[in-house]
Amino acid sequence: MRRTVDVPLRGTIGHRATVWAKWLRSRREPSTVLALALSLLAGCHHDMQDQPRYEPLEHSALFADGRSSRPLVPGTIPRGHLEVDQAYFAGREDGSLVDKLPVELTPALLERGQERYNIYCSPCHARTGDGNGMIVQRGYRRPPSYHTDRLRGMPVGHFFDVITRGFGMMPSYARQVPVEDRWAIVAYIRALQWSQYAVVDELSDADRGELPKEGQP
């Protein structure tokens with residue numbers, strides 16, 4: 001009569017495989033042990049792409065609203081996005097547009113602003129800021145020149161706000177241009193405006209010496 005044995009079924013698959021292997025080794029049948037071990041290990045294989053999960057916007061019977069994608073808890077702010085400095089992140093302070101740069105004005109900031117301006121702004125506003133950029137020359141509506149009295153008198157927060165939210169025909173550039181680069185562009189716009197409307201008395205003696213004399217071209 002063939003002898004039988006009860007093998008415990010409790011525990012993990014790996015545990016049951018170990019119990020079976022020990023029992024089969026006791027019967028001195030190595031080929032059977034190997035075949036059984038391989039079959040049990042194959043049953044442990046589970047591809048990550050087959051794991052139980054919800055697809056985006058998939059229906060769920062678990063939640064009362066039937067949605068698998070859960071809304072954020074009210075008041076949740078992603079880490080690193082608290083943005084408490086409204087002058088820096090919104091260009092406003094106490095609801096009013098800021099009139100001073102909330103960052104330090106340095107040569108590096110102006111160089112960065114010039115680079116970003118030439119990439120994102122000059123196609124419409126031109127490199128001189130007069131609004132006659134290349135796509136304007138090809139039929140796009142011309143934006144106002146930065147060198148008008150109205151825009152020279154605008155606070156710096158206005159230019160930041162326009163870059164962030166868009167204005168008229170201009171779309172928002174908030175996705176393309178991060179906050180620090182927006183302020184760099186604003187600083188460079190101010191430099192452009194000053195370059196075309198500098199007050200002589202504000203120039204250094206060396207700069208005034210390079211100006212053409214009265215009556216000279």
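**Aromatic pairs and the nonpolar core**

Good morning. By the ring-centre criterion, the count comes to six aromatic pairs. The structure under discussion is a predicted model.

Let me begin with one of these pairs, F160 and W183. The ring centres lie 4.3 Å apart and the planes meet at 15 degrees; planes under 30 degrees apart count as stacked, so this pair is stacked.

I turn now to the nonpolar core. In soluble globular proteins, nonpolar side chains tend to be buried together. Here the largest such core has 19 residues. Those with the most contacts inside it are Y117, Y146, F159, W183, I185, V186 and I189. Which elements give two or more residues to this core? They are α3, spanning 86–89, α8, spanning 156–165, and α9, spanning 179–196. Helix α9 supplies the largest share, seven residues. As for I189, leaving aside residues up to four places away in sequence, it touches Y117, Y146 and F159.

R70 lies over the face of F63, at 4.0 Å from the ring centre. The charged end of R152 sits over the ring of Y197, 3.6 Å from its centre.

Thank you for your attention.

Terms used
Residues are numbered from 1 along each chain as its sequence is written. This is a predicted model: local features need pLDDT of at least 70, side-chain atom pairs count only at pLDDT 80 or more; totals for chains, interfaces and linings use all residues. Side-chain values use heavy atoms; hydrogens and water are left out. A nonpolar core is a set of buried Ala, Val, Leu, Ile, Met, Phe, Trp, Tyr and Cys residues joined through side-chain atoms within 4.5 Å. Buried means under 20% relative accessible area, exposed over 50%, partly exposed in between (1.4 Å probe, protein chains only). Helices (H or I, at least four residues) and strands (E, at least two) are DSSP runs, numbered from the N terminus. Contact means heavy atoms within 4.5 Å. Rings of Phe, Tyr and Trp (its six-membered ring) pair if their centres lie within 6.5 Å; planes under 30 degrees apart count as stacked, over 60 as edge-to-face and the rest as tilted. A charge sits over a ring if NZ of Lys or CZ of Arg is within 6 Å of the ring centre and within 35 degrees of the ring normal.
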